[in-house]
Amino acid sequence: FDPSNSEALSLKGLLGQSSGLAALKVGVYWEWFEKADPENVAICKHALKQLQSLGVELKEIRIPEVEESRKALLVTILTELSSLLKVDLDKHFEDIGAEAKLAIALGLQFSGVEVINALKQRTRITAILNAIFDEVDLIATPTTGCDIPKITPDLYPYGKIDAQSTGAIEQYTTLASFAGIPAISIPVGFREESKIPVGLQLIAPMFQEKLLLQVAWEIESSGKFPLRKPAIWFDFDLLNEEN
């Protein structure tokens, strides 16, 4: 919450009196957690230790069918995308980037049976997560699995198809998206070379957005995580002054 930003919501007003993080149970699927880039893993592990110092209890968990759910999400997204944009692909072929063309083309290849099976997987992973949330309040993962690649000038005209990097970046955020449950990313550190911020993702049960905002507020207010203004940033309050 930025008190100087006229557009920001006051989390204090939204969430009421803070109750702290004591007794909060956070589940970690370590085998999956540690598949991220080693630097991201180290930063996020340090963040979890800091949370423990604030009273959070960590509990080791296992989330079956994570990879199956990631693939099922791709099926549903690509088929929805191709269904929506097929007409635009025909009409504006030259104006659409190579990566978007590839995504639309892939989405057109899936059969109705494959789409139905993907939706069945959504039901399965939702049930799996509901059972896990009977044991823990939140699930913690790195937000991204690797550093963000630079967009160099030679890529400006046509872009770049880099499925490997895209998959690594998104490997943790797809689970909540697929299951339709809330998640939030909290900045907990910076990569050494690129200075890119690293986030810790917290996933909550359905309709527990308030809990996520409460926990994020507590973490950011704790003073245990470094804050740094980016070299390039824009003050949106300037828009209000101009208007």
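Buried means under 20% relative accessible area, exposed over 50%, and partly exposed in between (1.4 Å probe, protein chains only). The model is predicted: local features need pLDDT of at least 70, side-chain atom pairs count only at pLDDT 80 or more, and totals for chains, interfaces and linings use all residues. Residues are numbered from 1 along each chain as its sequence is written, and side-chain values use heavy atoms, with hydrogens and water left out.

**Figure 1. Overview of the protein chain.** The chain has 10 helices and five strands. Helices (H or I, at least four residues) and strands (E, at least two) are DSSP runs, numbered from the N terminus. Of the 243 residues, 36% are buried. Contact means heavy atoms within 4.5 Å. Among contacts between residues at least 6 apart in sequence, 77% join residues at least 24 apart. The chain exposes about 14,800 Å², and carbon and sulfur atoms supply 56% of that area. Accessible areas come from the Shrake-Rupley method with a 1.4 Å probe; for residues, only the protein chains shown count as cover.

**Figure 2. The aromatic pairs.** Rings of Phe, Tyr and Trp (its six-membered ring) pair if their centres lie within 6.5 Å; planes under 30 degrees apart count as stacked, over 60 as edge-to-face and the rest as tilted. The whole structure holds two aromatic pairs. One of them joins Trp-32 and Tyr-172 in a tilted arrangement, 5.0 Å centre to centre with 45 degrees between the planes. Trp-32 sits in helix α2 (residues 30-33), and Tyr-172 in the loop between α7 (163-170) and α8 (174-179), 140 residues apart. Both Trp-32 and Tyr-172 are buried.

**Figure 3. The largest nonpolar core.** A nonpolar core is a set of buried Ala, Val, Leu, Ile, Met, Phe, Trp, Tyr and Cys residues joined through side-chain atoms within 4.5 Å. This core has 49 residues; Ile-63, Leu-129, Ile-139, Leu-200 and Leu-202 touch the most other members. Helix α3 (residues 38-53) gives the most to the core, with six residues. Beyond its neighbours within four places in sequence, Leu-202 contacts residues including Leu-138, Ile-139, Pro-182, Leu-212 and Ile-219.

**Figure 4. Salt bridges.** A salt bridge is a side-chain nitrogen of Lys or Arg within 4 Å of a carboxyl oxygen of Asp or Glu. The structure holds six salt bridges. Glu-34 pairs with Lys-45, the closest N and O atoms being 2.7 Å apart. Glu-34 is in the loop between α2 and α3, while Lys-45 is in helix α3. Glu-34 is partly exposed at 42% relative accessibility. Lys-45 is partly exposed as well, at 31%.

**Figure 5. A salt-bridge network.** Asp-37, Glu-39, Asp-147 and Arg-191 are linked in a network of salt bridges. Within it, Arg-191 and Glu-39 meet at 3.2 Å, N to O. Arg-191 lies in the loop between β4 (183-190) and β5 (197-203) and Glu-39 in helix α3, so the pair ties together parts 152 residues apart in sequence. Arg-191 is buried, with a relative accessible area of 10%. Glu-39 is partly exposed, at 26%.

**Figure 6. Around Leu-81.** Leu-81 is in helix α4 (residues 66-91). Leu-81 is partly exposed, with a relative accessible area of 26%. Not counting residues up to four places away in sequence, Leu-81 touches Ala-103 and Ile-104. The C-alpha atoms of Leu-81 and Leu-106 are separated by 9.8 Å.
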